[in-house]
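Here is a short briefing on one protein chain.

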Amino acid sequence: MTARRKAASKRPKTVRRPVSRGPATRKAPARAPTRKVAAPKALRLAGVGTEAVLKATGRAWEEWLLVLDKAGAKKMDHKDIAMMLSRKFLVPSWWSQMVSVGYEQARGLRKLHEKVDGFSATATRTVGIPLDKLYAAWSEPRQRSRWLPGAPVEIRRSTDGKSMRMTWTRNNSSVVVAFTAKGTGKSSVSIEHGKLANARAATTQKAYWGSALDRLKALLEGSR
């Protein structure tokens with residue numbers, strides 16, 4: 001063996017190590033486009049929205065339906081449901097009637113607009129004026145005739161700034177009006193026209209009162 005070959009054989013052999021390329025990266029799966037889901041429509045029963053029921057009774061419509069189901073209201077008549085609401089749940093008298101009607105409508109125990117003493121129509125408006133001026137527009141005949149001309153109404157009883165009960169003399173039906181302060185410079189009026197003969201009459205009166213309250217709102221807010 002030559003000297004050159006001997007020297008080469010004594011050199012340490014170089015070991016080639018594999019080059020680390022790191023973990024393989026995976027592409028994230030493509031996400032399906034997000035669909036916009038419309039917010040559920042607020043429940044409205046007996047002509048009253050769920051927010052109003054919550055404010056007046058401490059429970060929204062959805063909760064009242066579950067509570068009354070659990071209490072066995074499906075097997076009760078209207079009078080017993082209203083009495084239970086008043087005595088057991090301490091719901092104010094007027095609202096115990098409204099919650100009872102709303103429950104009966106929701107559970108198919110009563111037709112739309114139907115109450116114990118017939119059918120009813122409701123309407124509500126918030127007006128940008130103080131409560132005393134809104135009440136005066138109802139209580140003073142001259143003012144009332146400006147937005148409710150020719151209406152066959154007779155006031156039976158009234159409480160200043162709070163409520164008014166009237167008779168619709170054309171068919172001897174009943175109109176109950178409630179007034180509520182809504183903060184500085186705002187107030188609202190709610191109407192329930194009851195003891196109507198049928199659903200058609202209720203639909204007609206609902207449209208009538210809706211238009212009347214629109215005229216009232218325009219008149220009062222335009223005179224500020």
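Of the chain's 224 residues, 36% are buried, meaning under 20% relative accessible area, with over 50% called exposed and the range in between partly exposed (1.4 Å probe, protein chains only). This is a predicted model, in which local features need pLDDT of at least 70 and side-chain atom pairs count only at pLDDT 80 or more, while totals for chains, interfaces and linings use all residues. Residues are numbered from 1 along each chain as its sequence is written, and side-chain values use heavy atoms, with hydrogens and water left out.

**Overall make-up**
- The chain holds eight helices and eight strands. These are DSSP runs numbered from the N terminus: helices are H or I with at least four residues, strands are E with at least two.
- Among contacts with a separation of 6 or more, 52% link residues 24 or more positions apart. Contact means heavy atoms within 4.5 Å.

**Helix H5**
- H5 spans residues 93-106, which is 14 residues.
- From first C-alpha to last, H5 reaches 20 Å, close to the 20 Å expected. The expected span is 1.5 Å times one less than the number of residues.
- H5 is mostly covered, with ten of its 14 residues buried.
- Those buried residues include Trp95, Met98, Val99, Val101 and Tyr103. Ser96, Ser100, Gly102, Glu104 and Gln105 are also among them.

**H4 against H5**
- H4 (residues 78-87) packs on H5 at about 130 degrees, with the axes 8 Å apart. Axes are lines fitted to C-alpha atoms, for helices over the stretch in contact, and angles run from 0 to 180 degrees between N-to-C directions.
- H4 is therefore oblique to H5. Under 35 degrees counts as roughly parallel, over 145 as roughly antiparallel, 65 to 115 as roughly perpendicular, and the rest as oblique.
- On the H4 side, the contact uses His78, Ile81, Ala82, Leu85 and Ser86.
- On the H5 side, it uses Ser96, Gln97, Val99, Ser100, Val101, Tyr103 and Glu104.
- By class, this contact has six nonpolar, five polar and one charged residues. Ala, Val, Leu, Ile, Met, Phe, Trp, Tyr, Cys and Pro count as nonpolar, Asp, Glu, Lys and Arg as charged, and the others, Gly among them, as polar.

**H2 against H3**
- The axes of H2 (residues 50-57) and H3 (residues 61-70) come within 8 Å and cross at roughly 65 degrees.
- H2 is therefore roughly perpendicular to H3.
- Thr50, Val53 and Thr57 of H2 meet Trp61, Glu62 and Trp64 of H3.
- The H2 contact with H3 has three nonpolar, two polar and one charged residues.
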